[in-house]
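Work through the exercises below with the model open. Try each task before you read its solution.

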Amino acid sequence: MSTRPYSQGYRPRQLVDRPRRIAYEVIRQVHEQGAYANIVLPQALREAQHEAGFDGRDAAFTSELVYGTLRTRGYLDWVLEQHMNRALSAVDSAVVDLLRMGAYQLLYMRVPEHAAVATSVDLAREVSTDGPAKFCNAVLRSLTRQSPEERAVVLENIIDEDERLAIEYSHPQWMVKEFRRALEIHSGAAHELRDLLAADNEAPIVTLVARPGLIETEDLADEAEDYLRTRVALGDLSPYAVFIENGDPARLPSIRSAHAGAQDEGSQLAAIIAAQAPVIGSDQRWLDLCAGPGGKTALLAALGAKRGAQVVANEVHPHRARLVERATRALDNVNVLCADGRTLGGPATAWPFGFFDRVLVDAPCSGMGSMRRRPESRWRRQESDVAELVDLQSALLGRAVQLLRSGGVLTYVTCSPHVAETVQQVHALVAEGKVELLDTAAIAHQYSSHPIAGISEGESRPQGIQLWVHRHDTDLMYIAALRKL
């Protein structure tokens, strides 16, 4: 048998451990099929936990490897290309994923260097051939010989600050530029850019929502503590929010019955404002124009049920409309439709329900505000996508105003701080003279059971709300309440 060292690529074939194999399969689904890790990974872990020898530590390792590799992809790619004689784009995508997984273990996890390299090479042999395995071995071995200080010097020598931050924090450069602009326009705080990018790379804590009238917040907290054996805490922005330290929310009876759900606290606040912003006159007919997947709809309807309100929940995509039905199945005041929100109901005067007292437009957007939950999304969006999305948002807002009666309230929400998707949309709508902007921050303060620090910047004029991950530990939700004149 050969005694030549493994560093030259000679090593008996080994079986790859289950956590790394699952991580690789999930990452391949993300990149090959456009899947979302936060959907396919939990499913894979539930299946694996029925196997002998796969325990909680294995699940934690797998989760860290998947989310970490996806979250730091930009930095990993930059590092890897320093140890290759070709661009990553010229390498088979499956091999690229193997290299990223190996590099993540070397740079971010407490995995011994020899184990990170050896398991990556073994996995390459298992899913490919000896050629890619030897290539992985050479690249990763080269990476182990570069010190962190050497990498830092190379990074510091990049003159363009946005380019440097994009690499360091693994965000597309165009997003870094837009985050900087959004911080400046929304709150004059462009100096917080590094804090925002760092926070956007932190794994978010799981947040549950207790849907009022179906379960009390304290009861949901007790249930999570009992069933999941985890520490819990109540929310800061929403009186219905419960944070859980760990555990699978799908195990909770209240989740299975749709009395509760998993929902970011910023998203909860948006639904609260949509339900509570003051209307003039009747308050019985509500519309959620872009309802999928149904989290905001369910909270909106639960709040409306207490006041006898009926909610029409519209969603253009059939599979997302089914998600809305599932999310609202415990409520009897929701009517789910599947139609294009831009033309919903035909002429407004012919709409069979009459005009609406409230309309929520949670518009399709660039998703720049939810990248910490779906880190793979940051590489799927292009700067050129924004213009088309802005046109769609504008059309939806125009239709929402048509369907809203005078004195009724329109709440506009995006999970993005992009200036073109937020303040510019609202300013353009107000300029048409059909609606007026309400002081959304004041509404949030009035109806939230917790103080909301740092949302309003103290300006005297009415304004929307921009939530920030580094300030509020929520998705970057933009919320604006407007009343029709």
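This is a predicted model: local features need pLDDT of at least 70, side-chain atom pairs count only at pLDDT 80 or more; totals for chains, interfaces and linings use all residues.

**Exercise 1. A strand and its partners**

Which residue in S3 is the bridge partner of Thr 207?

Solution. 
- Step 1. Start from Thr 207. Its bridge partner in S3 is Phe 243.
- Step 2. Look at the strands involved. S1 covers residues 206-210 and pairs with S3 in the antiparallel sense, over four bridges.
- Step 3. Turn to S2, residues 232-234. S2 also pairs with S3 in the antiparallel sense, here over three bridges. Val 232 has Ile 244 as its bridge partner in S3.
- Step 4. Trace the chain from S2 to S3. A hairpin of six residues makes the join.
- Step 5. Check the side chains of S3, residues 241-244. Ala 241 and Phe 243 point one way. Val 242 and Ile 244 point the other way, and all four are buried.

**Exercise 2. Sorting aromatic pairs**

Describe the setting of each pair.

Solution. 
- Step 1. Search the whole structure. Four aromatic pairs turn up.
- Step 2. Take Tyr 75 and Trp 78. Their centres are 5.7 Å apart, with 35° between the planes. Stacked pairs need planes under 30 degrees apart, and edge-to-face pairs need over 60, so an angle between those limits counts as tilted. The Tyr 75 and Trp 78 pair is therefore tilted.
- Step 3. Locate this pair. Both residues lie in helix H4 (residues 73-81), three residues apart, about one turn of the helix.
- Step 4. Take Tyr 104 and Tyr 108. Here the distance is 4.9 Å centre to centre and the angle between the planes is 20°, a stacked pair.
- Step 5. Locate the second pair. Tyr 104 and Tyr 108 are four residues apart in helix H5 (residues 93-108), so about one helical turn separates them.
- Step 6. Compare burial. Tyr 104 has a relative accessible area of 6% and is buried. Tyr 108, at 39%, is partly exposed.
- Step 7. Ring pairs link Tyr 75, Trp 78, Tyr 104 and Tyr 108 into a cluster.

**Exercise 3. Charges over a ring**

Which charged ends sit over the ring of Tyr 36?

Solution. 
- Step 1. Find Arg 374. Its charged end sits over the ring of Tyr 36, 4.0 Å from the ring centre.
- Step 2. Find Arg 380. Its charged end also sits over the Tyr 36 ring, at 4.9 Å from the centre.

**Exercise 4. Backbone details in loops**

Say where each residue lies.

Solution. 
- Step 1. Go to Arg 229. Its phi is near 50°, a positive value in a residue other than glycine. Arg 229 is in the loop between helix H12 (217-228) and S2.
- Step 2. Go to Ala 258. It is not a glycine either, yet its phi is positive, about 70°. Its loop runs between helix H13 (253-256) and strand S4 (260-262).
- Step 3. Are these two residues buried or exposed? Arg 229 is exposed, because its relative accessibility is 71%. Ala 258 is buried, because its value is 2%.
- Step 4. Finish at Pro 293. The peptide bond from Gly 292 to Pro 293 is cis, with omega near 5°. Pro 293 lies in the loop between strand S5 (285-288) and helix H15 (295-305).

Conventions: Residues are numbered from 1 along each chain as its sequence is written. Side-chain values use heavy atoms; hydrogens and water are left out. Rings of Phe, Tyr and Trp (its six-membered ring) pair if their centres lie within 6.5 Å; planes under 30 degrees apart count as stacked, over 60 as edge-to-face and the rest as tilted. Helices (H or I, at least four residues) and strands (E, at least two) are DSSP runs, numbered from the N terminus. Buried means under 20% relative accessible area, exposed over 50%, partly exposed in between (1.4 Å probe, protein chains only). A charge sits over a ring if NZ of Lys or CZ of Arg is within 6 Å of the ring centre and within 35 degrees of the ring normal. Two strands pair if DSSP finds at least two bridges between them.
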